[in-house]
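Hello,

I am handing over the structure below. Please open it first, then read my notes.

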Amino acid sequence: MRLVSLAALLLATVTPAFAQTAAPTPAADAVPPTYPATPPKLIVAISVDQFSADLFAEYRGRFTGGFARLMQGAVFPAGYQSHAATETCPGHSTILTGSRPSRTGIIANDWVDQRSNTRPGFKVYCAEDERVSGSTFDDYTVSDAHLMVPTLGERMKAADPRTRVVSVAGKDRAAVMMGGHKVDELWWFGKNGFVSYAGRAMPPVVARANAAVAKRIATAQPAMTLPTFCQPLARAVRVGDKTVGTGRFERAAGDVANFRRSPEYDAAVLALAAGLIQDMKLGQGPQTDIISIGASATDYVGHGYGTEGSEMCLQLTSLDQSLGEFFRVLDATGVDYQVVLTADHGGSDASERLAAHAVPDAVRLDGEFTVDRIGKAIGEKLKIAGPVLYGGVNGDVWYDIKLTAAQKAAVEREAIAMFAAHPQTQAVFTRAQILATTVPNTPPETWSLIERARASFYPPRSGDLLVAMKPRVLTVPHPVAGTAVATHGSFWDYDRRVPILFWRKGEGGFEEPFGVETVDILPTLAATIRLPVPRNEIDGRCLDLDPGDGTTCR
């Protein structure tokens with residue numbers, strides 16, 4: 001069976017002898033039922049983008065590599081990206097800050113700011129600095145400027161300046177939101193290789209990784225062999241003018257786009273992470289170091305092919321193997337490392353396949369139902385020139401700041417009525433309604449829709465209205481154009497629920513089925529390294545990783 005192995009990239013990125021002397025995975029029956037008494041020397045935080053709790057449940061019985069190892073530790077299958085804005089940037093902003101988007105300020109992948117920029121549509125990207133001269137929404141300068149809170153790495157470095165903070169990801173926003181404002185190394189995949197902030201020197205290990213990746217991209221890839229258990233999923237589904245469900249990641253030489261949308265992409269990110277751990281000797285000093293890793297391919301596969309089919313089966317099977325190889329490289333260092341793995345959000349499958357699988361209410365968004373059309377209709381009715389609304393359906397909507405108070409009130413009445421009247425709309429919330437809602441502290445599975453909205457609401461950036469679509473309304477409308485056939489971003493649990501897995505050598509394993517949150521990760525990890533975090537500065541709570549009578553939450 002030919003799956004995408006990390007080995008070839010590892011051998012080009014780390015020392016070959018290092019990669020070949022990996023220690024075996026410890027046997028499950030050899031793990032004592034307690035958590036180690038000493039702090040770990042290295043924290044490894046991994047986000048698998050769009051790895052929903054549904055996918056974890058579907059494939060957990062098939063994992064034999066890295067995921068199987070993680071399942072020997074503390075397993076929280078019902079983790080929550082508890083907020084409504086289930087997108088990449090908000091999700092990553094919660095993982096290592098302990099804070100929801102209402103506190104991180106990262107309300108979406110992008111938002112409208114009519115006061116500080118003059119771009120068409122006034123759009124701002126979550127991980128940019130729009131103040132840079134010549135910067136545009138499509139050609140931006142990557143920055144951490146919009147993240148309003150510190151990450152775990154920043155807190156560790158403040159407590160001990162010797163701490164090294166490293167962040168590597170397939171996407172810039174994943175690297176920035178998990179790394180934070182004070183990083184020693186931060187790299188993401190650019191147009192055809194790993195890049196960083198302007199002016200940063202490229203370490204030799206990054207140059208080696210880029211050379212290995214360039215060689216890989218330049219080499220055509222044959223179709224992958226489909227494992228037996230994947231074969232029942234390989235059914236062709238017609239979506240617009242394309243067919244998905246039977247792909248096996250065959251790729252022409254030089255095809256960067258399909259390199260991103262394949263298991264090769266995660267292998268490259270993990271190879272660079274392994275190389276940085278080795279070259280920087282992370283975890284081998286007197287302090288605890290931290291590396292965050294954003295594995296983005298599952299998200300690209302989910303968007304491009306849906307969450308079922310041969311493509312996702314191959315992606316997760318390959319990632320399982322790559323994670324296993326990555327952990328074996330870490331074992332060979334002899335470093336005592338603590339892993340946490342989660343996701344930035346979940347995802348929904350293509351509506352056409354869902355409809356064929358007994359989900360008849362799975363539909364695509366009405367292509368005529370847009371903010372531009374509603375804004376134009378309101379403007380014509382009220383005789384207000386120019387656009388009166390900005391934003392998108394199933395998310396934040398902003399009023400034109402040039403409206404008078406009377407015009408704004410009239411626009412709001414019309415907008416609420418028009419959005420609410422559409423049969424695909426579940427709810428419309430005003431800014432005043434959301435701000436009047438208490439930030440919830442109850443179990444995330446019990447939250448109302450407006451409580452989910454409140455967890456995403458940051459007043460300086462959030463919209464004047466927030467619109468929620470009904471369950472299973474997929475916001476990739478008809479006719480399907482471009483490469484995406486499926487997406488995420490809804491208020492619903494298929495987009496909110498993600499697994500949270502902790503593993504450390506010597507840690508006893510257990511499973512806790514009750515709902516927890518990704519914001520619980522920071523206080524949980526902080527407790528293992530004896531790092532005090534003021535409770536009023538974060539939204540999360542410590543999760544006890546000791547399966548016995550002791551506790552890691554001191």
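Thr-430 has Leu-465 in S16 as its bridge partner. This is a predicted model, where local features need pLDDT of at least 70, side-chain atom pairs count only at pLDDT 80 or more, and totals for chains, interfaces and linings use all residues. Residues are numbered from 1 along each chain as its sequence is written, and side-chain values use heavy atoms, with hydrogens and water left out.

S15 and strand S16 (residues 465-469) run antiparallel and are joined by five bridges. Strands here are DSSP runs (E, at least two residues), as are helices (H or I, at least four), numbered from the N terminus. Two strands pair if DSSP finds at least two bridges between them.

The open sheet has four strands, in the order S13-S14-S16-S15, with antiparallel pairing. Its edge strands are S13 (389-391) and S15 (425-430), each pairing on one side only. From one strand to the next, the twist averages 25 degrees.

Two helices pack on this sheet. Helix H15 (residues 371-382) touches S13 and strand S14 (396-399), and its direction makes about 175 degrees with that of S13. Helix H16 (residues 405-421) touches S13, S14, S15 and S16, and its direction makes about 165 degrees with that of S15. Contact means heavy atoms within 4.5 Å. Axes are lines fitted to C-alpha atoms, for helices over the stretch in contact, and angles run from 0 to 180 degrees between N-to-C directions.

**Strand S11**

Strand S11 (residues 337-342) is largely enclosed by the rest of the structure, because six of its six residues are buried. Buried means under 20% relative accessible area (1.4 Å probe, protein chains only). Tyr-337, Val-339 and Leu-341 point one way from S11; Gln-338, Val-340 and Thr-342 point the other way.

S11 has these partners. Strand S1 (residues 42-48) runs parallel to S11, with six bridges. Ile-43 has Gln-338 as its bridge partner there. Strand S18 (residues 497-504) runs antiparallel to S11, with four bridges. Val-339 stands opposite Trp-503 in S18.

**Cavities**

The whole structure holds three cavities of 30 Å³ or more. A cavity is a set of points on a 1 Å grid over the protein atoms alone where a 1.4 Å probe fits but cannot get out; lining residues have an atom within 4 Å of a point. The largest cavity has a volume of about 90 Å³, a volume being the space filled by probe spheres set on the points. Of its 16 lining residues, the closest to the centre are Ser-348, Val-473, Leu-474, Thr-475 and Tyr-494.

Best wishes

Terms used: On a 1 Å grid over the protein atoms alone, a cavity is a set of points where a 1.4 Å probe fits but cannot get out, and a pocket is an open set with protein on both sides within 12 Å along at least five of seven lines; lining residues have an atom within 4 Å of a point. Buried means under 20% relative accessible area, exposed over 50%, partly exposed in between (1.4 Å probe, protein chains only).
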